[in-house]
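Visitor: Hi, can you walk me through this one? I'd like to ask as we go.

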Amino acid sequence: MNDKRKIRWQVVFLLFLIVGTVYVISTHKQVPVHQEEGAVFGTFYHVTYQYDSMLHDEIKAELSKVDFSLSPYNEASVISRVNRNEDVELDSMFMEVFELSKAVSRRTEGAFDITVAPLVNAWGFGFKNSAQVSQELVDSLLQFVGYEKIRIENGKIVKDDPRVILDCSAVAKGYGADAVARLFDRKGITNYMVEIGGEIVLKGRNPKNKKWSVGIQKPTDDSLSLQNDLQTILKVTDCAMATSGNYRNFYYKDGKKYAHTIDPHKGYPVQHSILSATVLADDCATADAYATAFMVMGLEKAKQLLDELNGLDAYFIYADEKGHNQVYMTENMRRLVDDGR
């Protein structure tokens, strides 16, 4: 009798476990997937996330914080007040991006430099009106361009020259994507994609329970963003990705192409063979900064630095001596390329 009772209770317990497991699985499957989009930083954002409710207002709030800290188009932002030499209290976002930018500047020997704003503006790619560019103008602007000319002391900005101004556009979109990703992490969300103007943070699985598929575009001159042909597709998760290229933001003058990536050392738009640089990193702000730096450095210097850095992978599309597009990628990036299997 005791054995029968024991068996009966074991069966009941086993059924309880099975029912409980099925309930947990079905509950997990019922967690809805939300997709949202909107405008920010002069571009658009798209987010996909699996959560029991929509987080529209909280997403907008995080992006507004980044805008209020780092947008030169926002007259009340911290960076705008820094550029006007006002006595402004720096917030944590500004200080984090500033210190990251300085670190990348040092590591790339100034190829990445957020003080390049006067030159970017002069060439017509910044937040102020362009000027008639001459060698004399470039030389005059270079006097107050250089990441060594500005620093933080006791929570305040100190400039060697009051004419130094900052533009974090080459890192702000990536940092914004990181900010939304951190919001999702705080909420315990394990499956999400955050994309702002092509800069992306990915975690977990997509709605089909597979790794996320992310395309790298062919670098075809397209200032109107009408062409979206893909060079390749990556299968990735738990990483951040950023791409910099000179095939969208450019203009022609007197038969010569001028693209938006400015060499902080020479003061002119870069003319290297790299057409686009895609970087994978642990966070999107870092990926964003190095993607810009590699465009400035050129192929050989970029490859050399990649060999020295840990935690970065890259995919470069460049033009060879005959003008044909070629690809260079790190070994780990090669393993992420979707071969259709």
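**Leucine 100 and its surroundings**

Guide: Let's begin with one residue. Setting aside neighbours within four places in sequence, leucine 100 is in contact with Val171, Ala285 and Thr286. Keep in mind that this is a predicted model.

Visitor: Which helix is the place of leucine 100 in?

Guide: Leucine 100 sits in helix H4. That helix covers residues 92–107.

Visitor: What separates the C-alpha atoms of leucine 100 and alanine 285?

Guide: The distance is 8.3 Å. Along the chain, leucine 100 and alanine 285 are 185 residues apart.

Visitor: OK, helices now. At what angle do H4 and H8 pack?

Guide: The angle is about 40 degrees, and their axes are 10 Å apart.

Visitor: Is the crossing of H4 and H8 left-handed or right-handed?

Guide: The crossing of H4 and H8 is right-handed. On the H4 side, the contact is made by Leu100, Val104 and Arg107. H8 brings Ala285, Thr286, Ala289 and Tyr290.

Visitor: How many residues of the contact of H4 with H8 are nonpolar, polar and charged?

Guide: There are 5 nonpolar residues, 1 polar and 1 charged.

Visitor: Next one. How do the axes of H7 and H8 cross?

Guide: Helix H7 spans residues 169–186. Its axis comes within 7 Å of the H8 axis, and the two cross at roughly 160 degrees. H7 and H8 are therefore roughly antiparallel to each other. Their crossing is right-handed.

Visitor: Which residues in H7 and H8 meet?

Guide: From H7, they are Ala170, Val171, Ala172, Lys173, Gly174, Tyr175, Ala177 and Asp178. From H8, they are Cys284, Ala285, Asp288, Ala289 and Thr292. By class, the contact of H7 with H8 has 8 nonpolar, 2 polar and 3 charged residues.

Visitor: And H9? At what angle do H8 and H9 pack?

Guide: H8 and H9 pack at about 135 degrees, with axes 6 Å apart. That makes H8 oblique to H9. Tyr290, Phe294 and Met297 of H8 make the contact with Leu299, Lys301, Ala302, Leu305 and Leu306 of H9. In this contact, 7 residues are nonpolar, no residue is polar and 1 is charged.

Visitor: Last one. How many residues of the lining of the second largest pocket are nonpolar, polar or charged?

Guide: That lining has 4 nonpolar, 4 polar and 6 charged residues.

Key: Residues are numbered from 1 along each chain as its sequence is written. This is a predicted model: local features need pLDDT of at least 70, side-chain atom pairs count only at pLDDT 80 or more; totals for chains, interfaces and linings use all residues. Side-chain values use heavy atoms; hydrogens and water are left out. Ala, Val, Leu, Ile, Met, Phe, Trp, Tyr, Cys and Pro count as nonpolar, Asp, Glu, Lys and Arg as charged, and the others, Gly among them, as polar. Axes are lines fitted to C-alpha atoms, for helices over the stretch in contact, and angles run from 0 to 180 degrees between N-to-C directions. Helices (H or I, at least four residues) and strands (E, at least two) are DSSP runs, numbered from the N terminus. A crossing is left-handed if the near helix is turned anticlockwise from the far one by less than a right angle, and right-handed if clockwise. Contact means heavy atoms within 4.5 Å. Angles under 35 degrees count as roughly parallel, over 145 as roughly antiparallel, 65 to 115 as roughly perpendicular and the rest as oblique.
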